[in-house]
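Thanks for coming, everyone. Let me put the structure on the screen, and then we can walk through a few places in it.

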Amino acid sequence: MTAKNLDCDLAVVGGGLAGLTAGVAAAERGLEVHVFERGAEEDYPCNSRSAGGAFHVAYTDPTSTPVNLKAAINRVTRGEAAPDLATAMAENASRTVYWLRDHGVDFSPGPTPMHKFTVMPHRPMLAGLDWPNYGPDEMLKALAQKLKAAGGQLIQRMEALDLIMVDDNCRGIHLRLDDQKIDVSANAVLIADGGFQGNPSMVGRYIAKRPDLLVQRSAGTATGDGIRMAEAIGARLLMMERFYGHFVAREALQQQDAFSPYPQVDPIAAAAIVIDNTGRRFVDEGLGGIYMSNVVSRFDNPASTFTVFDSNIWENGPGVKSVYPANPTIERSGGTVYRANSPADLAQQIGVEPRTLTETIECYNACLKDNSFVAQGIPRTNHTVPAAPLDTSALMALPLAVGITNTMGGIAIDGTMRVLDKDNQPISGLFAAGGSTGGLEGGGTIGYVGGLIKAAVTGLLAGEAA
């Protein structure tokens with residue numbers, strides 16, 4: 001393998017939203033910046049490019065006051081977000097959105113209040129990763145142009161190998177271009193290549209016994225290289241077992257382009273019940289699809305659950321009133337929806353014991369009617385969608401699969417995006433941003449703070465700090 005040397009002030013690993021934002025911010029401050037991206041295509045796939053496009057902080061308008069934003073973060077994470085990261089997000093979300101707007105990113109309101117800042121043109125919430133020329137794609141194109149205009153370089157086909165350490169200081173990175181080794185000397189390195197959802201080995205290590213039975217709801221290009229490199233030089237990792245994901249129709253395991261990433265089946269499942277292959281409830285559905293997806297991913301068979309609901313939910317509720325509804329999309333695509341006029345009939349169709357499913361539904365309905373909200377020892381909160389008793393004469397069921405979009409955990413960082421070691425001390429010269437980091441989201445009931453806003457804010461702060 002031949003070798004080549006490069007020198008720069010800041011070496012950025014990853015050309016997604018976090019990496020490009022950091023690169024632009026640093027280059028505009030006079031640093032010589034190289035952003036290294038593994039993808040070879042001009043419009044290389046990454047989660048930022050195929051995202052839905054909404055910028056929110058824990059489902060809240062990112063231009064709200066810092067007090068409101070921090071309260072929202074602490075609410076969804078049950079106070080488990082690292083305080084300095086929650087503060088950094090709350091205090092910088094608004095200016096980051098406007099920084100992006102000033103750098104050529106267009107926003108306009110989407111379909112719900114949490115979509116107030118959605119990049120233009122809006123991406124249709126359809127099955128398949130139909131991202132070309134929609135808002136997230138245009139956003140990355142605009143930032144790549146700003147990077148070039150500021151004197152920075154985006155260098156593609158670069159595979160990250162390991163970090164260069166000199167006397168406990170990070171002073172560069174080893175990369176590979178085809179059969180050529182590239183040694184990059186830098187005053188600082190930023191890891192911004194995303195999480196590890198595209199690495200079945202790491203997903204199997206931290207998240208699921210059967211990663212092959214999870215549906216990839218993302219570009220699949222984030223394979224945890226940055227996390228691996230940081231861990232190798234002593235960085236601390238946080239919340240690696242938690243991820244952002246949703247329930248999708250089980251057919252997505254074989255026909256991903258027809259059933260994933262949309263429609264999500266979460267809204268239906270959160271309004272009804274979710275059962276395992278014995279016919280029993282096992283989780284508080286009111287905690288929402290992200291939480292339930294994390295629970296089911298740890299099953300021996302994560303493709304073994306069903307949501308059981310009724311025709312009212314399907315025809316008048318979340319089945320048709322979601323941002324991208326499951327009704328009629330799933331059946332139009334050839335997906336399976338079961339219908340029955342009794343619990344016993346439904347049980348026979350989906351292959352569970354009739355008496356067990358009948359008892360499950362009866363106990364569930366009873367706990368809602370008597371306001372105890374506990375059935376067979378399992379709570380039923382109304383955190384996400386208000387629950388109502390199921391009409392046993394008009395029951396329905398959908399086979400579920402877990403779709404993983406991005407991992408929530410990763411490298412520990414402080415409020416200025418410096419990477420922390422196992423003693424919680426900064427590693428000199430090493431920063432991390434975006435999906436490669438942990439500590440902000442995933443706490444409590446797997447609270448979601450927001451993928452795009454996390455990438456943009458941490459990227460901007462990292463670029464400024466570097």
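**A buried aspartate**

Start with Asp310. Asp310 is buried, yet it has no salt bridge. The nearest side chain of opposite charge belongs to Lys369, and that is 11 Å away. Keep in mind that this is a predicted model.

Where does Asp310 sit? Asp310 is found in strand 13, residues 306-310. What does its side chain meet? A polar atom of the Asp310 side chain lies 3.0 Å from the backbone nitrogen of Asp391.

**Gln216 and its partners**

Next, Gln216. Its place is in strand 9, residues 214-216. Two polar contacts of the side chain deserve a look. The Gln216 side chain reaches the backbone oxygen of Gln197 at 2.9 Å. A polar contact of 2.6 Å joins the side chains of Gln216 and Ser218.

Now look further along the sequence. Setting aside neighbours within four places, Gln216 is in contact with Gln197, Gly198, Gln256, Ser260, Ile404 and Thr405. Here is one more pair. Gln216 and Gly52 are 164 residues apart in sequence, and their C-alpha atoms are 15 Å apart in space.

**Two cis prolines**

Ser260 was on that contact list of Gln216, and it takes us to the next stop. A cis peptide bond joins Ser260 and Pro261, with omega about 5 degrees. The peptide bond from Tyr262 to Pro263 is cis too, with omega near 0 degrees. Which loop holds Pro261? Pro261 is found in the loop between helix 7, residues 256-259, and helix 8, residues 266-271. Pro263 is found in the loop between helix 7 and helix 8 as well.

**Positive phi**

On to backbone angles. Arg157 is not a glycine, although its phi is positive, about 65 degrees. Arg157 lies in the loop between strand 5 and strand 6, the latter spanning 159-166. How accessible is the residue? At 39% relative accessibility, Arg157 counts as partly exposed.

Asp167 is another residue other than glycine with a positive phi, near 50 degrees. Asp167 lies in the loop between strand 6 and strand 7, with strand 7 covering 169-177. Is Asp167 buried or exposed? Asp167 counts as exposed, because its relative accessibility is 69% and the cut-off for exposed is over 50%.

**The second largest pocket**

Helix 4 supplies the largest share, 6 residues.

**Helix 1**

Last stop: helix 1, residues 17-27. How much of helix 1 is buried? The count is 11 of the 11 residues, so helix 1 is largely enclosed by the rest of the structure. Buried here means under 20% relative accessible area. Read along helix 1 and the buried residues are Leu17, Ala18, Gly19, Leu20, Thr21, Ala22, Gly23, Val24, Ala25, Ala26 and Ala27.

That's my tour. Over to you for questions.

Notes: Residues are numbered from 1 along each chain as its sequence is written. This is a predicted model: local features need pLDDT of at least 70, side-chain atom pairs count only at pLDDT 80 or more; totals for chains, interfaces and linings use all residues. Side-chain values use heavy atoms; hydrogens and water are left out. Helices (H or I, at least four residues) and strands (E, at least two) are DSSP runs, numbered from the N terminus. Buried means under 20% relative accessible area, exposed over 50%, partly exposed in between (1.4 Å probe, protein chains only). Lys and Arg count as positive and Asp and Glu as negative; His and the chain ends are not counted. A salt bridge is a side-chain nitrogen of Lys or Arg within 4 Å of a carboxyl oxygen of Asp or Glu. A polar contact is a pair of N or O atoms within 3.5 Å; within protein, one must be able to donate a hydrogen and the other to accept it, and residues adjacent in sequence count only if both atoms are side-chain atoms. Contact means heavy atoms within 4.5 Å.
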